[in-house]
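The exercises below go with the structure shown next. Each consists of a task and a solution worked in steps.

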Amino acid sequence: MDPKPNIVVLDGATLNPGDNPWDEVAALGAFALHDRTPEEFTVERARGADIVLTNKTRLPAAVLDRLPDCRFVAVLATGYDVVDVAHAGARGIPVSNVPGYGVESVAQFVIAQLLALCRRVETHDSLVRSGEWTRCGEFTFWDTPQVELAGKTLGVVGFGAIGRRVAQLGAAFGMNVLAHAPRPKEPLDAPGFAFVGLEELFERSDVVSLHCPLTKGNDSFVDARLLGLMRPGGFLVNTARGRLVNEADLARALNSGHLAGAALDVLAVEPPDPANPLLEARNCLITPHMAWASLTARKRLMSITAANIRAFLAGQPQNLVNADYLTETA
Ligand SMILES: NC(=O)c1ccc[n+]([C@@H]2O[C@H](COP(=O)([O-])OP(=O)(O)OC[C@H]3O[C@@H](n4cnc5c(N)ncnc54)[C@H](O)[C@@H]3O)[C@@H](O)[C@H]2O)c1
Ligand SMILES: O=C(O)[C@H](O)CO
């Protein structure tokens with residue numbers, strides 16, 4: 001490999017909107033930065049690059065096939081569903097992600113979502129300012145059911161770094177925690193904690209929180225059937241990926257009153273299509289894929305990305321997500 005590899009960032013605007021310089025990454029080669037890349041420009045911009053960095057710009061098989069010079073793909077995120085990692089592996093291109101950079105930020109965001117669903121602090125602040133408290137004449141007033149978390153059951157789907165931290169925080173609020181994990185994991189040291197099957201988790205949980213990656217096998221798996229298993233009055237929280245959820249089914253479950261609410265940081269299409277039924281659904285709190293975005297987490301993401309590139313250049317790639325598929329070295 002050329003000692004000064006060509007490095008192209010396809011969509012760098014959100015990692016560094018101005019407060020998180022690229023210097024550590026840029027120092028590793030000849031550096032080209034694009035804020036965002038429309039699909040039709042991906043090949044043109046990535047062609048000739050030895051190292052391609054993407055956050056949410058898609059690199060499907062058909063695009064990878066048109067990048068003969070690509071030696072390494074560094075995903076600027078934990079979730080790497082935008083890259084066909086199996087195809088990259090078959091072409092001998094290692095792909096890395098950035099695990100762990102946002103565990104605390106995302107887990108804390110999940111708690112913020114949960115508290116928003118249960119207490120609606122900002123809604124009540126608005127009601128006070130619009131005169132509702134004054135008009136009601138009482139020392140106290142509330143306009144939404146006020147729900148205590150202690151004693152409720154939290155079901156965590158996907159017991160990796162974020163899921164485990166959410167489970168710990170839920171237990172600290174006095175919640176009973178259940179988890180679903182496809183592979184054996186160290187249990188949480190909390191009274192009542194148990195690993196259960198997916199259906200049992202949906203049946204027994206007051207709150208289901210999603211923390212598994214989006215894969216070819218689990219698109220839209222949270223559908224009418226699983227939502228129908230949830231207790232009436234339950235909540236769904238999703239910070240993982242929007243496409244894990246059948247959005248039309250979720251909108252129906254909210255509008256029928258079967259679910260009391262949902263808090264979604266991710267949607268199937270981002271930013272959303274104005275026709276997304278969740279935008280109008282009852283008690284649906286939607287945030288713009290921002291759980292990861294604290295400056296502390298983004299700085300960590302930047303420096304782990306630089307470390308991923310350095311490790312690749314040293315011949316010892318780290319944080320590989322397609323090691324199982326790598327058949328040859330590009
Ligand atoms: N909203 C945000 O800003 C934000 C930020 C970071 C990560 N994420 C998302 O959160 C996801 C989880 O992040 P993490 O750091 O915990 O990743 P992780 O790899 O540490 O954990 C994911 C866990 O899910 C498990 N898993 C895989 N397939 C599963 C399935 N079908 N059902 C149940 N579990 C399954 C894995 O075994 C693993 O333990 C990421 O893949 C990403 O999509 C979102
Ligand atoms: O997967 C991640 O790291 C987040 O979704 C931000 O891109």
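**Exercise 1.** Find which side chain has an N or O atom 3.1 Å from a nitrogen atom of ligand 1, then describe the surroundings of ligand 1.

Solution. 
- Step 1. The side chain is that of Asp265. A polar contact here is a pair of N or O atoms within 3.5 Å; within protein, one must be able to donate a hydrogen and the other to accept it, and residues adjacent in sequence count only if both atoms are side-chain atoms.
- Step 2. The protein buries 83% of the 870 Å² that ligand 1 exposes when taken alone. Such accessible areas come from the Shrake-Rupley method with a 1.4 Å probe; for residues, only the protein chains shown count as cover.
- Step 3. Backbone N or O atoms also take part: one of Thr239 lies 2.8 Å from a nitrogen atom of ligand 1, and one of Ala161 lies 2.9 Å from an oxygen atom of ligand 1.
- Step 4. In total, 24 residues surround ligand 1, and the closest are Ala161, Ile162, Lys185, Thr239 and Trp292. A residue belongs to such a shell if one of its heavy atoms lies within 4 Å of the molecule.
- Step 5. The shell around ligand 1 divides into 11 nonpolar, 9 polar and 4 charged residues. Ala, Val, Leu, Ile, Met, Phe, Trp, Tyr, Cys and Pro count as nonpolar, Asp, Glu, Lys and Arg as charged, and the others, Gly among them, as polar.

The model is predicted: local features need pLDDT of at least 70, side-chain atom pairs count only at pLDDT 80 or more, and totals for chains, interfaces and linings use all residues. Residues are numbered from 1 along each chain as its sequence is written, chains are lettered from A and ligands numbered from 1 in the order in which they are written, and side-chain values use heavy atoms, with hydrogens and water left out.

**Exercise 2.** Explain why ligand 1 lies between domain 1 and domain 2.

Solution. 
- Step 1. Domain 1 comprises 6-101 + 294-313, and domain 2 comprises 103-286. These bounds come from an automatic or database domain assignment.
- Step 2. Ligand 1 lies between the two domains because both give residues to its shell.

**Exercise 3.** Work out which side chains place a polar atom by an oxygen atom of ligand 2.

Solution. 
- Step 1. The surrounding residues are Asn55, Lys56, Ala77, Thr78, Gly79, Tyr101, Arg241, His289 and Trp292.
- Step 2. Polar side-chain atoms lie at 2.5 Å for Lys56 and 2.8 Å for Arg241, while a side-chain N or O atom of His289 lies 2.6 Å from an oxygen atom of ligand 2.
- Step 3. Ligand 2 has 230 Å² of accessible area on its own, of which the protein covers 90%.
- Step 4. By class, this shell has 3 nonpolar, 4 polar and 2 charged residues.
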